[in-house]
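My notes follow in the order I took them.

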Amino acid sequence: MLTRLSYIEEYLKRKDFLYILKIQTTAIRTIEDFMVEKGFIQLMPVITSKLTDPLGPDPGSSVVALPKIKYYDQELVLTQSMILHKQLALITGVEKIFIFSPNIRLENKIRKSTGKHLFEFTQMDFEIAYATMEDVISLVEDLIIEVFKTVKRERKEELEKLNRELKIPGKPFKIYTTHELEEVYGKDWEIPASKAEKYPFWVICHKREFYDKEDPDRPGHYLNYDLVYPEGYGEALSGGEREWKYERIISRIRKDGLDERMYKSYLEIAKKGLLIPSAGGGLGVERLIRFLTGKKHIGDIQVFRRIPGEEVIL
Ligand code: ASN
């Protein structure tokens with residue numbers, strides 16, 4: 001247990017922060033260079049809004065409350081993810097966007113022990129107009145290989161100090177469906193499947209939030225994907241092709257029993273036919289740094305820890 005004093009006197013002075021932060025700096029710069037090189041335009045994040053990702057129904061989500069603030073007479077929610085804003089931003093005509101987007105997710109405190117949950121984190125969120133899941137999968141594989149290679153080359157000494165050996169994956173990564181993994185490992189397939197692999201792999205077809213597209217040719221199947229790290233580290237990225245037609249969106253929102261009022265303006269825009277087909281995803285930055293540095297708990301790579309169920313000191 002970290003007390004206030006041990007946080008200040010020991011935790012902040014931990015020697016390995018220097019190595020971790022150098023690796024983080026290289027990883028973030030590599031991601032930014034890669035995305036810009038591929039023609040992506042960088043947006044600033046949105047933190048307060050009238051609408052945000054409902055994060056459900058999704059077996060992977062455990063939020064206990066929607067984070068809200070009151071500002072004069074407006075009630076605003078804090079961003080759980082920028083997915084809906086990414087779809088809206090494509091209306092500007094920019095076809096490829098990315099954002100380093102801080103998210104607040106008030107996760108159940110039992111998630112303290114998963115080693116991969118934070119209640120405040122940043123994802124590198126991106127969206128591509130008219131793209132398919134194959135386009136995203138190929139792009140992300142190139143991105144991951146580039147980040148791993150650059151960190152291995154430029155942060156050799158830091159990786160050695162952290163006793164971390166990084167293996168560079170080859171393209172294409174393996175792809176499994178959720179159905180296959182459920183048959184082998186049961187409903188909680190993520191960590192056992194992750195432990196069984198040596199390289200990052202894809203898991204496709206998740207039944208989750210309304211914005212991820214259902215396969216029009218195979219109802220009950222979804223055109224979405226997660227990238228999972230090996231060695232038991234678990235999920236790295238999630239994304240999908242998107243629902244963009246009003247009728248599909250409203251029917252999914254109603255099926256999920258969500259409060260339509262939060263999505264009023266988004267639904268009006270969809271009804272006007274302004275949303276366009278797209279696909280994208282979000283790569284968890286802290287999860288990437290945890291994997292690169294080989295740390296046991298994701299909170300250990302944060303200078304200012306935000307772990308579910310743990311007291312915030314600074
Ligand atoms: N960023 C994810 C996506 O683009 C959504 C999420 O984080 N829940 O699909």
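Why are Asp-33 and Arg-29 separated by about one helical turn? They sit 4 residues apart in helix H2 (residues 16–37), so about one helical turn lies between them. I took helices (H or I, at least four residues) and strands (E, at least two) as DSSP runs, numbered from the N terminus.

**Ground rules.** The model is predicted, so I kept to its limits: local features need pLDDT of at least 70, side-chain atom pairs count only at pLDDT 80 or more, and totals for chains, interfaces and linings use all residues. Residues are numbered from 1 along each chain as its sequence is written, and side-chain values use heavy atoms, with hydrogens and water left out.

**Salt bridges.** I searched the whole structure and got 33 salt bridges. The test is a side-chain nitrogen of Lys or Arg within 4 Å of a carboxyl oxygen of Asp or Glu. Side chains of opposite charge can pair when their charged atoms come close.

I checked Asp-33 with Arg-29 and found a salt bridge at 3.7 Å, N to O. Asp-33 is partly exposed at 46% relative accessibility. Arg-29 is also partly exposed, at 36%. My classes are buried (under 20% relative accessible area), exposed (over 50%) and partly exposed (in between), with a 1.4 Å probe and protein chains only.

Arg-29 also forms a salt bridge with Glu-154, at 3.3 Å, N to O. This pair links distant parts of the chain: Glu-154 is in helix H4 (residues 133–154), Arg-29 is in helix H2, and 125 residues separate them. Glu-154 is partly exposed at 36%.

I then looked at Glu-182 and Lys-187, whose side chains form a salt bridge at 3.4 Å, N to O. Glu-182 is partly exposed at 32%, while Lys-187 is exposed at 68%.

**Glu-127.** Glu-127 lies in strand E6 (residues 120–129). Its relative accessibility is 0%, so it counts as buried.

The side chain of Glu-127 makes a polar contact of 2.9 Å with the side chain of Arg-242. A polar contact is a pair of N or O atoms within 3.5 Å; within protein, one must be able to donate a hydrogen and the other to accept it, and residues adjacent in sequence count only if both atoms are side-chain atoms. Another polar contact, of 2.7 Å, joins the side chains of Glu-127 and Ser-278.

**Ligand.** I found 13 residues around the ligand, with Lys-86, Arg-105, Gln-123, Asp-125 and Arg-242 coming nearest. The cut-off is a residue heavy atom within 4 Å of the molecule. A polar side-chain atom of Asp-53 is 2.9 Å from a ligand nitrogen. For Arg-105, a polar side-chain atom is 2.9 Å from a ligand oxygen. The side chain of Arg-242 has an N or O atom 2.8 Å from a ligand oxygen. The ligand taken alone exposes 270 Å², and the protein buries 93% of that.

**Gly-280.** I placed Gly-280 in strand E11 (residues 278–284). Gly-280 is buried, at 0% relative accessible area. Among the residues it touches are Glu-127, Tyr-225 and Arg-242. Contact here means heavy atoms within 4.5 Å, and residues up to four places away in sequence are not counted.

Notes
Areas by Shrake-Rupley, 256 points an atom, 1.4 Å probe, with all protein chains shown as cover.
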